[in-house]
2 protein chains.
Amino acid sequence: MSDLALPLEVKIREVGPRDGFQNEPEIIATDDKVRLIELLGRTGVCRLEVTSFVRPDVIPQLADAREVLERIELPEEVCISVLVPNERGLESAFELRDRIDEVNVFLSASETHNQKNVNRSIQESLHELERVLPRACDANLHTEATISVAFGCPYEGDVPRERVFAIAHKLVEAGAEEIAFGDTTGMANPRQVRSFFEAARVELGEEVELTGHFHNTRGQGLANVLAALEAGVSSFESSFGELGGCPVPPGATGNVATEDLVSMLHEMGIETRIDLDLLLEAAREAQRVLGRPLGSHTLTAGPVEWHRGAAAGGNGVHPAS
Amino acid sequence: MSDLALPLEVKIREVGPRDGFQNEPEIIATDDKVRLIELLGRTGVCRLEVTSFVRPDVIPQLADAREVLERIELPEEVCISVLVPNERGLESAFELRDRIDEVNVFLSASETHNQKNVNRSIQESLHELERVLPRACDANLHTEATISVAFGCPYEGDVPRERVFAIAHKLVEAGAEEIAFGDTTGMANPRQVRSFFEAARVELGEEVELTGHFHNTRGQGLANVLAALEAGVSSFESSFGELGGCPVPPGATGNVATEDLVSMLHEMGIETRIDLDLLLEAAREAQRVLGRPLGSHTLTAGPVEWHRGAAAGGNGVHPAS
């Protein structure tokens, strides 16, 4: 491996409390959310997306956004972000300005997906975000913009990366300091991801932070992370317990599990500042709250560390290969 | 991606009927095995490990090895392999010589794992295989030797690769044409895998076929495949439906799912000659026979192809990133 090309440290934004909780069929109690977010907060994670200011009639799962933000107590060094879909969402965020460090806006790279997701054209979304982003910058909030279906759209198929970069340019011009590229339905492959991020770096310059947001829909989430690392990407988003990700179809897995991401990175000698044991504790608690086994592999198998020198596993009779 | 370094075509050995079926708590009926193997045989897969000649009192799941081999009808181009643990197993294979193309022998890279797995020291295993391999070669059988826990042992921790290569050398000297390196409990990471296979190629020369056998225990199976591809590896083993793999602990996933592997490779433009739709049909039938959802992601989500231009997924309300 061209070791020099791999980042020494990676920033992870944990998005489970937003991306995960919003996709749960049963609404999670605010008390449980606060407890889970605080468990995540003490893992060492540097960025935590805790909720979203969306219409409560559309996403009742996050109707308690304000209460969650008011109640959570997190270490100083954790950057708290919220998703805001529009100017109204930003105004709600402003009301809790002292609780928030970052805002995340979003739109899709395909017309059909954007229409189905937010009932607007890409152009209409861009116009809105061109109002939201400068106001967020003026308020000294770190600004992230996520471009969904950036590696392929379940409705339109292949998405030309020139279109994605053109959207990214407009977002950067409007004030986005960080662009996340979402593989919303797990259509990306590692060859594409590596070449995409190499081109994105050239296209968007060194100033903009580029973030990988991968789903594990077809089991390839961490392979895509590896390809992005090789292209120099050092910022990723993931969900504890493999929660969330707007699974298509039902039963399909969502975001890359933060535990699996952290496990792989640490084993590769890449720093995340996250304590894997504490992270697993948070994921176990989420499993308890949700009352079902979660998709995270490391949560089931335990960290590699636990199997170093321990008398674990094997049944002594089956030929194991 | 240094595209030139990636192989244009990959050979996959489907090991589910051996590695998967042997790990099922309920013994699968011979009729079902034959049907599933024949479904796999028509996918275009080039290599198929169908059973193992092990002691039926130890592994009753494969007690019907002889009957399975006698009954299955597979296309001419499919290479049929069987696992043989020792000379007695090889003799059983010889009795069905005209039904078999390849034999696979195995041992572990750590003393503790070898002791627990086959109740012998590594030296004792090597002595046995030094009798088995030349006899298999003389019978014109393709010979594969698998080295288990090659990337880390759940009992002994890190395994020095020099020890793995020393074992590999002895196996090659005894007649092994192909060496598979098993990440038996999913302890490998991509950085290690890439550097391991680069060194193995130098150490073992160009003549020996090097095969990657990865488990998805911590979700990193396909990332390890990608790292191996980048090191020039073009031969892999996997299980349809993500069956098998001697999971440690119970509930942990086993081998990389063949569907997920094929999906990723095809999306990357790497040929496998496997028809993914037919493979999914076989995995669905395995799911029906076993009566539980299997771990394969592509089996749940469907191939990327299905989502190109199709009106699939999304619920039109949730912000999907």
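**Figure 1. Helix α6 on strands β4 and β5 of chain A.** In this predicted model, helix α6 (residues 122-138) of chain A lies across β4 and β5 of chain A. Helix α6 of chain A runs at about 170 degrees to β4(A); axes are lines fitted to C-alpha atoms, for helices over the stretch in contact, with angles from 0 to 180 degrees between N-to-C directions. Contact requires C-beta atoms, placed from the backbone, within 7 Å. Helices (H or I, at least four residues) and strands (E, at least two) are DSSP runs, numbered from the N terminus. Residues are numbered from 1 along each chain as its sequence is written, chains are lettered from A and ligands numbered from 1 in written order. Local features need pLDDT of at least 70 and side-chain atom pairs 80 or more, whereas totals for chains, interfaces and linings use all residues.

**Figure 2. Barrel of chain A.** 8 strands close in the order β1-β2-β3-β4-β5-β6-β7-β8, with parallel pairing. Neighbouring strands are turned by 25 degrees on average, direction ignored. Pairing requires at least two DSSP bridges; β2 (residues 47-52) and β3 (residues 79-83) of chain A have 5. A:Ser52 is bridged to A:Leu83 in β3(A).

**Figure 3. Strands β5 and β6 of chain B.** The parallel strands β5 (residues 142-148) and β6 (residues 178-182) of chain B are joined by 4 bridges. B:Thr146 has B:Ala180 as its bridge partner in β6(B).

**Figure 4. Residues 309-318 of chain A.** pLDDT, the predictor's confidence in each residue from 0 to 100, stays under 50 here. Where pLDDT is low, the predicted coordinates should not be read in detail.

How values were computed: Two residues are in contact if their C-beta atoms, placed from the backbone, lie within 7 Å.
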